[in-house]
Structures are given as structure tokens and as C-alpha cells.
Amino acid sequence: SSTMDESYDLPKEFNLIAPNTFSPNGDGVNETFIPAALPEMGVAFEMNITNPRTGQVVYRTSNAADSWNGKSNNSGSDLESGVYVWTVILNDNVVNNKVFNGKINLTR
């Protein structure tokens, strides 16, 4: 039996292709938020959306098909317009525990 170790270096400019604004207002355009690379990558991850004013996590997912709809936990009340902070932790053998974060502006 033999084993092979492979390592990968992500380019410094690698990002998750996350928009900076979305508007869940029912017009059918930019209704939800998830970094565009997550569904394409097919890797395990955890994403948290935090209200920076309160420090409260308002949404959490590990399913790329479950994008954030601008509501508390995707089922509660509509959250206020404003800037929220997103954090994604990738958890697979290639990029284990790689953290990405940014800001998303929720507009109504």
C-alpha cells in the first residue's frame, strides 16, 4: 500500500465572489445572499451572518442551497436595512479552517 500527500496553495487573490449588497424586497432581483463560489466549490463550510451593532448572529448555515433571505434565521421577522458581517469557514482537506469574511449591505 502507498499513500500520497497533496498540498494546494490558494492564490492570495482567491475569494468567494460575494456581492456587497442584496435587496430582499420581492422584486425578484438579488433577493438572497450567499457567496457565489460556495455552491460551485462543493466543500464543507459554515457561514454566519452577524449584526455588527449587537454582535448577534442572525443567520447560520452549512448548506450552499440555503442562502440568507434577510430575515432572522431565515424565518423570523425582516431585519433592518444596514450593513451585516458575513464569515465563512471552509472545512475540507484542501482548505481546512480557511476563514473568509466581508460585509453585506441589506437594502429594502
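This is a predicted model: local features need pLDDT of at least 70, side-chain atom pairs count only at pLDDT 80 or more; totals for chains, interfaces and linings use all residues.
Visitor: What makes arginine 60 exposed?

Guide: Its relative accessible area is 52%. Exposed means over 50%, so arginine 60 counts as exposed.

Visitor: Why is glutamate 46 called partly exposed?

Guide: Glutamate 46 has a relative accessibility of 31%. Buried would need a value under 20%, and exposed one over 50%. The 31% lies in between, so partly exposed is the term for glutamate 46.

Visitor: Why is the contact of arginine 60 and glutamate 46 called a salt bridge?

Guide: The two side chains come to 3.6 Å, N to O. The limit is 4 Å between a side-chain nitrogen of Lys or Arg and a carboxyl oxygen of Asp or Glu, so the pair of arginine 60 and glutamate 46 qualifies.

Visitor: Are lysine 71 and aspartate 78 buried, exposed or partly exposed?

Guide: Lysine 71 has a relative accessible area of 30%, and aspartate 78 has a relative accessibility of 47%.

Visitor: Why does valine 43 count as buried?

Guide: Valine 43 stands at 16% relative accessibility. The cut-off is under 20%, so valine 43 is buried. Valine 43 sits in the loop between H1 and S2. Leaving out residues up to four places away in sequence, valine 43 touches Leu90 and Asp92. Leucine 90 is 47 residues away along the chain, yet the C-alpha atoms of valine 43 and leucine 90 are separated by 7.0 Å.

Visitor: What makes S2 and S3 a pair?

Guide: Four bridges join S2 and S3 in the antiparallel sense. A pair needs at least two bridges, so S2 and S3 count as paired. In one of these strands, S3, valine 57 is the bridge partner of threonine 50.

Visitor: How do you know that S1 and S5 pair?

Guide: They share two bridges, in the parallel sense. At least two are required, so S1 and S5 count as paired. Threonine 21 stands opposite asparagine 105 in S5. Valine 83 also stands opposite asparagine 105. S4 and S5 run antiparallel and are joined by nine bridges.

Visitor: Why do S1 and S3 stand at the edges?

Guide: The open sheet has five strands in the order S1-S5-S4-S2-S3, with mixed pairing. S1 and S3 each have a single partner strand, so one side of each is left without a neighbour in the sheet.

Visitor: Which residues touch the most other members of the largest nonpolar core?

Guide: This core has 21 residues, and those with the most such contacts are Phe33, Met47, Ile49, Trp68, Tyr84, Trp86 and Val88. Helix H1 and strands S2, S3, S4 and S5 each supply at least two residues of the core. S4 gives the most, with four.

Conventions: Residues are numbered from 1 along each chain as its sequence is written. Side-chain values use heavy atoms; hydrogens and water are left out. A nonpolar core is a set of buried Ala, Val, Leu, Ile, Met, Phe, Trp, Tyr and Cys residues joined through side-chain atoms within 4.5 Å. Buried means under 20% relative accessible area, exposed over 50%, partly exposed in between (1.4 Å probe, protein chains only). Contact means heavy atoms within 4.5 Å.
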